[in-house]
Amino acid sequence: FRHHMGLPSEVAATSRGAATRGVMRSVLDLIEGGATHLGVATDSVIVSFRNDLWPGYKTGEGVEPALLDQFPLVEEGLRALGVTVWGMTDLEADDALATAPARAAADPEVGRAVICTPDKDLAQCVRGTRVVQLDRRADVVRDEDGVRERFGVGPASIPDYLALVGDSADGFPGLPGWGAKSAATVLARWGSIDAVPDDPADWDVQVRGAARLAGALHEGRPLAALFHRLAARVEDAAGVLEDGVAEIAWRGPGDGLAAFCARIDAQDLERRALALSAR
């Protein structure tokens, strides 16, 4: 999306491979920066089981055709680069991004697993300093302390946090009246929505409008449970690192890279990939 939207509109509308070239360059940046094992998760289909749970959940509606057409092209280009692609259909790309570090961190040979996205819902997957989140645009690495500093709660409470405040990017609103400060204060005390008392008289933390918020929570617990399920990432996605981290070792580009780069007028990517593989 960012590579496409960053182009002048007339270029984005006419250049079929522009965003694909941008994504491939970005992945090559990671390899050039020292990444030896990497996988890229994509939404091959922009729907999941979550759309069945909540009618307002995000879909591909409104995505420009010029951008939507590049979704399969990006997957093809990355595979030509020799990069593992997890094309998700029943689940979402975020579920693959949650599964991969969970499984990688179980391998004693893995020093650190890095989730390369600033998306707040993936903050729930951070574990100590072993599984971290990287915002590449801001050049910020968040470990567990960093997540707590940003949101006021630890990674395990992120689905509860999003259930209360909502997530406009994913299309669910949260509960009425709840905001970032109130959610962080309450969840820092009790950890999860289920543990928060219904009676505000039992709240031993200072929250503005506690009675109103407690009432919204009491009435909205079923909805909060649904939003929690929408926000929680799946960490056992099929086909993602089931055979260990060796499957995502980058061993250089595939035989089809030259032809693919010629199709999208990106011969510089082929030269760069070959130079990196020869290091």
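Modeller: Start with two helices, α9 and α10, whose axes come within 9 Å and cross at roughly 140 degrees. Helices here are DSSP runs (H or I, at least four residues), strands are runs too (E, at least two), and both are numbered from the N terminus. Axes are lines fitted to C-alpha atoms, for helices over the stretch in contact, and angles run from 0 to 180 degrees between N-to-C directions. From α9, the contact uses Asp-160, Tyr-161, Leu-164 and Val-165. From α10 come Ala-180, Ala-183, Ala-184 and Leu-187. Contact means heavy atoms within 4.5 Å.

A word on the source. This is a predicted model, where local features need pLDDT of at least 70, side-chain atom pairs count only at pLDDT 80 or more, and totals for chains, interfaces and linings use all residues. Residues are numbered from 1 along each chain as its sequence is written, and side-chain values use heavy atoms, with hydrogens and water left out.

Now the core. The largest nonpolar core has 34 residues. Such a core is a set of buried Ala, Val, Leu, Ile, Met, Phe, Trp, Tyr and Cys residues joined through side-chain atoms within 4.5 Å. Buried means under 20% relative accessible area, exposed over 50%, and partly exposed in between (1.4 Å probe, protein chains only). Tyr-161, Leu-164, Phe-172, Trp-178 and Trp-203 have the most contacts inside this core. Two or more residues each come from α8 (144–151), α9 (158–165), α10 (180–190) and α11 (210–231). The most come from α11, which gives nine residues. In soluble globular proteins, nonpolar side chains tend to be buried together.

Look at Trp-178. Leaving aside residues up to four places away in sequence, Trp-178 touches Leu-164, Val-165, Ala-183, Val-186, Trp-203, Leu-213, Ala-216 and Leu-217.

Compare another helix pair. Helix α3 (residues 18–32) packs with helix α13 (residues 267–277) at an angle of about 15 degrees, their axes 11 Å apart. These two are therefore roughly parallel to each other. In α3, the residues that meet α13 include Met-24 and Leu-28. On the α13 side, Leu-269 and Leu-276 are among them.

Terms used: Parallel < 35°, antiparallel > 145°, perpendicular 65-115°, else oblique.
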